[in-house]
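Subject: Structure for your files

Hello,

Here is the structure I said I would send. Please look it over first; my notes follow below.

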Amino acid sequence: MTRNIPLGLKIFGGVVGMLLIMPTLVVIPMSFSASPLLKFPPEGFSLHWYGVFFTDPLWSSAALRSIQIAALTTVLSLLLGTGTALAMIRGRFRGKSPIQVLILSPIIMPIVVLAVGLYFVYSDWKILGSVGGLVLAHTVIAYPLVYISLSTALKALDSKLEDASASLGASKAYTFRRITLPLITPGLLTGALFAFTMSWDELILSIFLTGPTVKTLPVVMWDQVQTELSPTLAVAATIVMLVTIVLIMCALLIGTRRKALKP
Amino acid sequence: MTQTQLRQPLTMTATGGELRIANVRKSYGNSRGVESVSIDVRPGEFLTMLGPSGSGKTTTLNLVAGFLDPDEGSITLDGKELSGVPPHLRGIGMVFQQYALFPHMTIEENVDYPLRVRKIHRAERKSLVAAALELVQLTDYAKRKPSELSGGQQQRVALARAFVFKPRLLLMDEPLGALDKKLREAMQIEITRICRELGATVVYVTHDQEEALAMSDRIAIYNAGRIEQLGTAEDLYKRPETLFVADFVGESTVIKGSYAKGALVHHGRSLSTQGAHGSVAEGSAAAVVIRPEDLTVVPATQTAAIPEALNTLEATVTKCVYLGQSRKCLLTTATGLVINARIPLHAPPELFNPGDSATVTWDPANSVLVPSD
């Protein structure tokens, strides 16, 4: 639907949009800088800092670590989120509303509060600075996203299909594998992408919970911004942004495809 | 059980099973439950459960399918108790109101599904699916997805999928509810034909009485969780046993009063029930039911010609509607009773205008006497 929007409003909208996106995009030209100093506007053009990013163990191992933690967070969130969504949508029990609030509370609560709490619990359990600890922490905030995405998919799935499958002779497990799972796969993928993205650029929990040996990419960027301002920081920012944009685009594409599939 | 059943020769016919529902009760706390429902469905019979929504007919169907467990009573198929058997082990085919086709599978895969579940050999599956699709005349649509088919076609796929594994019993829950009137009538004929060819026992649920009358061998009339009457269409129309059945099936005029000495006393007026179908206790509240075609309406000036044996009531025309073959006339008596009559097109014109005085007469032998509340 296109409506006639007054020119003035169009310009205003354009300016607001630019103001929102420009600070993000500014890192891209800075990442191609030829100067050893991080500044805007950049001087010259070179791919030198991209080389540094991929060869310097500080950066490359942090990037790999981030991928590892995001991937593990995604798997754990999917398992927990799918189970919870199935129980909440298909199950018959009382008190669903308070449970729902509890499930969603990590994305409403200030993350810094969660970070402080986890810091003390983790130091007591001696898992500060461990990969597992960080994965657990990220799962706390990523899992509600999987839950939302999957419960939406399950609500849209007609439960009569599962009844029909049973009447045709299929056991509960067979029905889940052949009917339920294929039909909620788009929701599952969307949830997975959101969970991965959430962990991928998470900084607050990571600052509190990482140690000297286990550092994620955002944490290294945070360290660097306080010590040496090299253009490698802009490279890291660009790469974080590109990965995030690609993942979100995938999630949006899955969303539109799901709508197109509806009869 | 179903494994051996499927090792039959490659025809689409299955012998119908015998379903017995005995004293089944299911309560929900609110309404929609059933109280003490008993039906014996004969092998190969097409039985319809008809009633207003919330009267318990779908609940009964879900109890038979296994989606609900009865609080009391037993449900047996060919002598085997079904209560406690999970739905997927009952071997009962079911057609749902909203088709419930699997959207991610083609038509062929949908129909193949119950066969795959049963691990039937590939070659046999292929020929069974082909035969089922041929029976519902959708062979050309085998490779399409459900969303590419019309509502009527989707319902035929659902039907094929429900009978391809040769269930001894086929349940249908308002299968035509989502279709428009014209398509519904065509599908009624189609479903009846297919079910006759299959020979399966069918239990069909609908709230549309025309549909029930057109398709069924017998009809069970549901009201408030109970079966009011079970019988053929003619039984229900000509010989209703309760006021609800008389009122629900077809149109009628209901005259309430008390029964005494072979007559119904209605506001001081004695109306003969000589030869009427049905009986009630002397002195009890009763009602006489008369179908519109059994009533004769004559102008108030021509009452002299009415034979002595007929009942008469004076009334005023309130509304007349032209129906093509006849006119439907509503009249009201001085006591406020509404009479629903048919008047032939050649009847005197002074009967069709609101306010015209008329006398309604009927042969007591054509009326039905039922208990009233």
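In which hand, left or right, does α6(A) pass α7(A)? The crossing is right-handed. Please keep in mind throughout that this is a predicted model.

Chain A as a whole

The secondary structure of chain A consists of 12 helices and zero strands. Along the principal axes, the C-alpha atoms of chain A fill a box of roughly 70 × 60 × 30 Å.

Helices α6(A) and α7(A)

Helix α6 of chain A covers residues 111-125, and helix α7 of chain A covers residues 131-156. They pack at an angle of about 150 degrees, and their axes are 12 Å apart. Because angles over 145 degrees count as roughly antiparallel, α6(A) is roughly antiparallel to α7(A). On the α6(A) side, the residues that meet α7(A) are I111(A), L114(A), L118(A) and Y122(A). Facing them in α7(A) are G133(A), L134(A), L136(A), A137(A), V140(A) and I141(A). Sorted by class, the residues of this contact between α6(A) and α7(A) are nine nonpolar, one polar and no charged.

Helices α8(A) and α9(A)

A second pair in chain A is helix α8, residues 159-167, with helix α9, residues 172-200. Here the packing angle is about 160 degrees and the axes are 10 Å apart. That angle makes α8(A) and α9(A) roughly antiparallel to each other, and their crossing is right-handed. From α8(A), the contact takes in L161(A), E162(A), S165(A) and A166(A). From α9(A), it takes in T175(A), I179(A), T180(A) and L183(A). The contact of α8(A) with α9(A) has four nonpolar, three polar and one charged residues.

Chain B against chain A

What area do chain B and chain A bury between them? The figure is about 1800 Å², with 69% of it on carbon and sulfur atoms. Three residues, H88(B), H104(B) and Y113(B), supply 31% of the area that chain B buries against chain A, more than any other three residues. In terms of contacts, 21 residues of chain B touch 18 residues of chain A. The number of salt bridges between chain B and chain A is zero.

Regards

Definitions and conventions: Residues are numbered from 1 along each chain as its sequence is written. Chains are lettered from A and ligands numbered from 1 in the order in which they are written. This is a predicted model: local features need pLDDT of at least 70, side-chain atom pairs count only at pLDDT 80 or more; totals for chains, interfaces and linings use all residues. Side-chain values use heavy atoms; hydrogens and water are left out. Axes are lines fitted to C-alpha atoms, for helices over the stretch in contact, and angles run from 0 to 180 degrees between N-to-C directions. Helices (H or I, at least four residues) and strands (E, at least two) are DSSP runs, numbered from the N terminus. Angles under 35 degrees count as roughly parallel, over 145 as roughly antiparallel, 65 to 115 as roughly perpendicular and the rest as oblique. A crossing is left-handed if the near helix is turned anticlockwise from the far one by less than a right angle, and right-handed if clockwise. Contact means heavy atoms within 4.5 Å. Ala, Val, Leu, Ile, Met, Phe, Trp, Tyr, Cys and Pro count as nonpolar, Asp, Glu, Lys and Arg as charged, and the others, Gly among them, as polar. Buried area is the accessible area (1.4 Å probe) that two parts lose on being put together, summed over both. A salt bridge is a side-chain nitrogen of Lys or Arg within 4 Å of a carboxyl oxygen of Asp or Glu.
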